Amino acid sequence: MPAHQSRSRTRDRNNVLNRPEFMSLNQPLRGNAEVRSASRRQSGPKASLGQHECPTPGDGVKDRRESSQLPEEDCMQLNPSFKGIAFNSLLAIDICMSKRLGVCAYSTSSWGSVRSMVTLLAITGHAIPWIGGTLLCLTKSSTLAGQEVLVNLLLALILDIMTVAGLQKLVKRKGPLDMTHSFMDYIAMDMYAFPAAHASRAAMVSKFLLNHLVLAVPLRILLVLWAFLVGTSRIVLGKHHLTDVFCGFALGFLHYNLVEMVWLSSNTCQTLLSIWTLSWSPLFK
């Protein structure tokens, strides 16, 4: 064997790039070769004569269409606004903290042993017990002042249910955890997280009772504490985010102020009660 052939084989053997794991580095990229071949095909007689092709007017529209058809995860926003960054950061913090505070969401959670008690506390802020209790007290009441307060309370409860249900259908925000809805949630149209219906109702009822009932100081403190615990129970159960409950409290105070603005007088309440008794009396005969 000639000496120069043996030296070339030894050089090729000692070259690191000739190893199998590095063979792909010696091969040209297919895309680059295709780009070079396409550029060669395009540079024909026109390029040699110094003539350049002018882009057609539809090229820009076509490029914009192709970029708009890209999936969202492949697109990058280069200059996000400060408001967008702040909103996304607060939203991420809200979701993270709400998931961490859902300590009674399941029976296997860290506080799963008290889940039944927290659920019972949340039921006290449900719409069905309050509407049923208001109607029962209205049938048992014999004073005009008591009937006036109860009719306006019933109006406030109906307003709260309709407003919260409409906002939940509009926003359609799901809870922090994947929880199944109960039968009572379906009846009260409490299917989504924002705003928290229990928190709104608890705030509205507590404010209403504090202003229209004569209560001792310990009872007033317990009523405010009950409203706060009802809203907190929905977070602990994993049903709502922190912002859902805070907005629910604010919405409850708004409902109370609206009812105070359109407060029905005693004569109006008696007229409504007479119409109600006339419409339901044939059913009980």
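**Entry 1: aromatic pairs**

I started with the rings and counted 2 aromatic pairs. My rule was that rings of Phe, Tyr and Trp (its six-membered ring) pair if their centres lie within 6.5 Å; planes under 30 degrees apart count as stacked, over 60 as edge-to-face and the rest as tilted. I kept in mind that this is a predicted model, where local features need pLDDT of at least 70 and side-chain atom pairs count only at pLDDT 80 or more, while totals for chains, interfaces and linings use all residues. Residues are numbered from 1 along each chain as its sequence is written, and side-chain values use heavy atoms, with hydrogens and water left out.

I looked up W130 and W226: their ring centres are 5.8 Å apart and their planes stand at 55°, so this pair is tilted. W130 sits in helix 8 (residues 127-140) and W226 in helix 12 (residues 217-236), so the pair ties together parts that are 96 residues apart in sequence. For helices I used DSSP runs (H or I, at least four residues; strands are E, at least two), numbered from the N terminus.

Then I turned to F208 and W263, a stacked pair with 5.8 Å centre to centre and 25° between the planes. F208 belongs to helix 11 (residues 197-212), and W263 to the loop between helix 13 (242-261) and helix 14 (266-280), so this pair ties together parts 55 residues apart in sequence.

**Entry 2: buried or exposed?**

I called a residue buried under 20% relative accessible area, exposed over 50% and partly exposed in between (1.4 Å probe, protein chains only). F208 is buried at 1%, and W226 is buried at 16%. W263 is partly exposed at 23%.

**Entry 3: the cores**

Which residues have the most contacts inside the largest nonpolar core? I found M204, F208 and W226, in a core of 16 residues. Such a core is a set of buried Ala, Val, Leu, Ile, Met, Phe, Trp, Tyr and Cys residues joined through side-chain atoms within 4.5 Å. Helix 9 (144-171), helix 11, helix 12 and helix 13 each give two or more residues to this core. Its largest share, 6 residues, comes from helix 11. Another core lies apart from it, with 7 residues, among them A196, I235, L242 and F249.

I also checked M204, leaving aside its neighbours within four places in sequence: its contacts (heavy atoms within 4.5 Å) include A156, D160 and Y256.

**Entry 4: cysteines**

I found 0 disulfides, taking a disulfide as a pair of cysteine sulfur atoms within 2.5 Å. C104 is buried at 0%, whereas C137 is partly exposed at 41%.
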